[in-house]
Amino acid sequence: MTTAPVSPDWDWQGHRIHLLEAGDPTNPTKVLLIHGFGASVGHWRHNLPPLSLHAHVMAVDLLGFGASDKPRSRLADEPEQPGAVQYGFDLWAQQVADLVRERLLPSGEGPAPRVHLVGNSIGAMVALTAARWLLAEGIPPAQVILIDCAQRTLDDKRAAQLPGWERASRPLVKALVRQRWVIAPLFRLLAQPPFIRSVLTRAYPSGANVDEALVALLHRPSTDPGATESFRGFVNLFNDHLAPQLLADLSAAEPTVPVRMLWGEADPWEDPAEARRWAELYPCIQELQVLPGLGHCPHDEAPERVNPILAQWLGLNENNTRPKRTQTATSMGDEDSGPIDPGGSEIP
């Protein structure tokens with residue numbers, strides 16, 4: 001049985017979280033799709049329907065994004081305030097880990113569920129962080145799939161790698177982006193449709209699937225109350241997790257938690273050369289496929305190329321690991337990837 005996509009809500013720590021779900025709930029193969037910065041469940045509109053032919057699939061709007069609640073931000077050194085949250089990878093990873101336990105690992109008879117975490121950009125960082133949480137709880141995911149994982153070059157731990165002028169200006173920049181009087185007009189400027197389209201032309205170098213509908217998907221959640229607050233929380237993440245430390249932890253597990261990576265070779269922000277270094281360094285990484293001509297969001301830019309890869313990876317048993325390989329994929333098979341209407345809460 002395959003069900004049409006539905007949009008249930010989930011109460012998490014008193015916050016309303018928006019989900020999108022499709023596929024047979026009795027299928028033991030479970031897939032959780034985690035969007036990137038500024039995005040939401042709708043960024044998987046070309047992926048969720050075909051993947052639901054192979055698995056029970058759920059997409060989640062992280063707290064602060066899409067149609068989920070957007071509470072007030074609290075920075076690490078600010079006093080606690082009623083209703084405020086400290087946005088960051090641990091918060092979102094806890095959200096994902098709780099969702100896995102409550103919705104994807106139900107008690108009952110039948111085959112044990114196998115949960116696959118799939119994330120794009122910062123969603124890939126959330127997936128890695130959540131995998132470490134679940135591993136510590138004794139319920140590690142079957143695998144983690146990273147799509148153009150955020151490398152977080154502006155984190156304090158990587159500051160020494162920045163050009164001199166950027167290092168010199170960091171104290172001033174960090175002081176300014178704390179201020180709501182700075183953040184509010186900056187966010188209004190960045191959330192305008194013309195600017196959104198200009199970003200999309202860089203993120204999707206082939207131009208495929210960039211249209212007014214996609215711009216609207218990005219713009220709509222930015223008009224919600226609280227959207228400025230989640231933006232403030234995110235742009236102040238100067239000291240949070242980095243992918244290498246998380247990959248090292250997953251590699252040290254016994255057995256390791258398998259990780260597979262997809263990368264757009266023309267990604268303007270996340271260098272595929274860094275992904276190749278990770279693939280050489282961390283035993284948990286089973287495979288890296290680099291897709292020529294594609295950018296930061298290949299799953300949305302070219303779903304006909306990405307969906308067959310994801311479907312193949314979802315069919316692998318967690319113990320059926322291959323010799324590690326890095327591959328530049330020149331062509332992939334086609335698969336139906338028709339869009340869905342996720343209720344107007346989507347942005348890339």
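Leu176 is partly exposed, with a relative accessible area of 35%; partly exposed falls between buried (under 20%) and exposed (over 50%), using a 1.4 Å probe and protein chains only. Leu176 sits in helix 4, which covers residues 164-176. Together with Leu172 and Trp181, Leu176 makes up a nonpolar patch on the surface, and the three share about 360 Å² of accessible area. To join such a patch, a residue needs over 30% relative accessible area and no salt bridge, and nonpolar side chains (Val, Leu, Ile, Met, Phe, Trp, Tyr) are linked within 5 Å. A salt bridge here is a side-chain nitrogen of Lys or Arg within 4 Å of a carboxyl oxygen of Asp or Glu.

This is a predicted model, where local features need pLDDT of at least 70, side-chain atom pairs count only at pLDDT 80 or more, and totals for chains, interfaces and linings use all residues. Residues are numbered from 1 along each chain as its sequence is written, and side-chain values use heavy atoms, with hydrogens and water left out.

Now for the inside. Of the protein's 348 residues, 55% count as buried. The largest nonpolar core has 55 residues, and Leu32, Trp92, Leu117, Leu128, Val259 and Met261 touch the most other members. A core like this is a set of buried Ala, Val, Leu, Ile, Met, Phe, Trp, Tyr and Cys residues joined through side-chain atoms within 4.5 Å. Apart from that core lies another one, of 23 residues, with Leu20, Leu262, Ile309 and Leu314 among them.

Methods:
Patch = residues over 30% accessible without salt bridge, like charges linked within 9 Å, V, L, I, M, F, W, Y side chains within 5 Å. Areas by Shrake-Rupley, 256 points an atom, 1.4 Å probe, with all protein chains shown as cover. Helix = DSSP H or I, 4+ residues; strand = E, 2+ residues; numbered from the N terminus.
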